[in-house]
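Here are a few exercises to work through with the model open beside you. Take each task first, then follow the solution step by step.

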Amino acid sequence: MSAPDDLASAVREEFATQEQAEQEQAEQAQERTKPVGLGVVGWARWTWRTLTSMRTALILLFLFALGSVPGSIYPQRSVDPGRVAQYFKDNPTQAKWLDRFWLFDVFSSPWFAAIYLLLFISLAGCVFPRALAHLKEIRRRPPAAPRNLLRLPHSEAFEGGLTLEQAAAELRRRRFRVVTGDGWVSAEKGYLRETGNLLFHVALLVLLFAVGTGGLFGYRGNVLVVEGDGFSNAVAAYDRFMPGSRVTAESLEPFSFTLKDFQASYVAAGEKQGQPLDYLAKLTVQDSPTAAPREVDLKVNDPLDVNGTLTYLIGHGYAPTFRVTDGKGQVAYDGPVPCLADDQATYTSECVIKVPDAQPTQLGFLARFLPTTVPNGDAWVSVFPGAANPTVQVFPFAGDLGLKSGQPQSVYQLDTTSLKPLGKMSAQPTPLNVGETKELADGAGRIEFTGVKEWISLQITYDPGREPALLAAAAAVIGLVLSLTIRRRRVWARVKDGTVTVGGLTRTEGGGAAFAEEFAEIVAALRGDPPTGDRAGDDPPTGDQGGDKSGEPDEPGSAGHVAPDAPTGNTAPGARPDEE
């Protein structure tokens with residue numbers, strides 16, 4: 001190979017090597033400038049900071065309130081399962097979809113629990129660091145006086161014989177926290193503003209904790225009691241029992257009571273005829289098996305309280321009494337039958353009587369109870385909710401009631417598919433008065449309307465978080481009032497060569513006008529003007545906060561040291577110092 005070829009080859013190799021080196025340098029530079037991922041720890045920190053921010057807490061609080069709205073719009077199974085069943089009957093398609101989103105069990109739904117737990121964690125992570133910072137702020141001494149007090153938003157200078165001791169005494173009298181230095185006095189008040197803010201958030205946290213405690217250790221149950229019957233606070237005695245996850249049978253308070261009488265009064269005449277006036281249930285209560293009985297009048301919104309277990313009166317109705325004699329002459333049923341009101345205005349009610357022990361065939365009855373019966377053409381209707389003229393219309397059936405099929409049945413419904421009517425059915429049979437008897441067709445027996453009783457429905461609840469929640473709500477209101485009404489402000493006074501210079505500023509936005517009035521009063525008092533009335537203070541007196549009146553202070557914020565948040569001599573005239 002010739003020399004020129006060797007030279008060309010060497011040049012090409014040199015260029016290739018240089019190009020490869022430049023490419024490697026470019027790749028290395030690209031690697032160095034490539035964003036580094038947060039990683040698991042970084043994402044965890046970001047998630048925690050986002051969750052514990054005040055903005056997230058406010059959003060979760062709004063969602064918590066918004067999520068509670070369906071609980072007041074739609075009936076809840078834990079409060080009134082009967083209304084839920086009626087909603088399914090009236091709107092089956094809509095109710096099916098609502099139930100898929102737990103809108104009939106809002107407060108026990110997974111999505112509501114998720115909001116609740118996230119809000120609790122967010123508030124805890126937000127409040128505790130702020131509380132520690134506030135404790136440090138309370139213990140910190142007021143900052144030293146700025147070099148030029150006349151540059152503060154509120155300032156005034158006057159001639160006089162005021163001493164530092166007199167200025168400090170006047171500011172302490174006005175409940176300022178005071179520290180003195182070399183020729184100056186520094187005072188501050190309004191710490192209760194942040195204290196109130198923290199109190200509000202801590203109270204909200206306690207409120208959530210109290211509600212959660214009630215859900216764990218509390219219980220709720222519903223029961224129906226007829227006049228003359230009793231109730232013992234045991235799980236088996238409830239019609240519906242909803243315990244917390246930490247509740248056992250031994251957790252229930254061992255009280256009992258008997259319903260002696262129930263009285264309902266109504267408007268007797270006029271435009272408001274039939275409207276209820278008052279409900280009163282007379283109970284004989286035993287707080288424990290060995291306690292003496294006591295008489296209690298139970299009213300709406302006036303519950304029976306037995307060691308924290310509350311019994312509320314939530315509903316009532318009629319329970320007419322019947323005696324059923326079967327075809328063999330045996331009394332197969334004798335007692336009251338609770339009826340459900342079909343018309344709340346007149347309390348026309350529907351009843352179901354099942355007599356599985358009747359012979360030779362089982363009997364079932366549909367009955368319509370009319371509290372105050374009057375004829376209306378060929379029909380009978382009730383015109384008043386009180387039992388002024390009680391009657392009952394009976395529709396008898398015979399056959400297999402299906403009680404041995406293993407399928408659950410409601411005591412308020414009668415399945416007539418396997419039953420045959422006894423006699424000719426009429427939409428308006430002749431009603432029975434109290435004491436009258438109806439003979440059944442085909443020798444199946446007879447039914448007698450023997451009297452009228454009333455029943456009440458009760459809700460029995462135990463919530464250990466009820467009182468803490470009440471106290472927390474009251475504390476939250478107090479904290480909110482403090483945070484909205486108290487202003488943080490500072491006042492300085494300097495005495496030099498017979499001239500007194502006073503300056504002040506408020507650390508709260510929107511409080512300038514009120515502080516201007518207060519500052520004017522302070523200046524007038526220091527100048528010795530006649531008093532025009534004292535202003536109430538915000539903080540309790542704390543005495544001398546460790547200021548040294550004769551020597552050099554021993555920490556930043558005193559003479560010789562300018563606190564980080566104190567204004568400096570370079571502050572522009574009329575400008576507000578950056579003190580936060």
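**Exercise 1. Find which helices and strands each supply at least two residues of the lining of the second largest pocket, then describe that pocket.**

Step 1. The elements are helix H3 (54–73), helix H6 (110–139), helix H8 (192–217), strand E4, strand E6 (240–243), strand E11, strand E22 and helix H9 (466–485). Helices (H or I, at least four residues) and strands (E, at least two) are DSSP runs, numbered from the N terminus.

Step 2. Before going on, note that this is a predicted model, where local features need pLDDT of at least 70, side-chain atom pairs count only at pLDDT 80 or more, and totals for chains, interfaces and linings use all residues. Residues are numbered from 1 along each chain as its sequence is written, and side-chain values use heavy atoms, with hydrogens and water left out.

Step 3. H8 gives the largest share of this lining, 6 residues.

Step 4. The lining has 38 residues in total, and Phe107, Val211, Gly214, Gly215 and Arg220 lie nearest the centre of the pocket. A pocket is an open set of points on a 1 Å grid over the protein atoms alone, where a 1.4 Å probe fits, with protein on both sides within 12 Å along at least five of seven lines; lining residues have an atom within 4 Å of a point.

Step 5. Sorted by class, the lining holds 18 nonpolar, 14 polar and 6 charged residues. Here Ala, Val, Leu, Ile, Met, Phe, Trp, Tyr, Cys and Pro are nonpolar, Asp, Glu, Lys and Arg are charged, and the others, Gly among them, are polar.

Step 6. The volume is about 1100 Å³, taken as the space filled by probe spheres set on grid points joined across faces, edges and corners.

**Exercise 2. Describe the largest pocket: what is its space, and which element supplies the largest share of its lining?**

Step 1. Its space comes to about 1700 Å³. Among its 40 lining residues, Gly82, Arg83, Leu340, Ala341 and Tyr412 are the closest to the centre.

Step 2. H4 supplies the largest share, 6 residues. Other elements with at least two lining residues include strand E13 (340–343) and strand E18 (391–399).

Step 3. The classes are 23 nonpolar, 9 polar and 8 charged residues.

**Exercise 3. Is histidine 154 buried or exposed?**

Step 1. Locate histidine 154 in strand E1 (residues 154–159).

Step 2. Its relative accessible area is 16%, so histidine 154 is buried (under 20%, with a 1.4 Å probe and protein chains only).

Step 3. Beyond neighbours within four places in sequence, histidine 154 is in contact (heavy atoms within 4.5 Å) with residues including Val502, Leu505, Phe515 and Phe519.

Conventions:
Buried means under 20% relative accessible area, exposed over 50%, partly exposed in between (1.4 Å probe, protein chains only).
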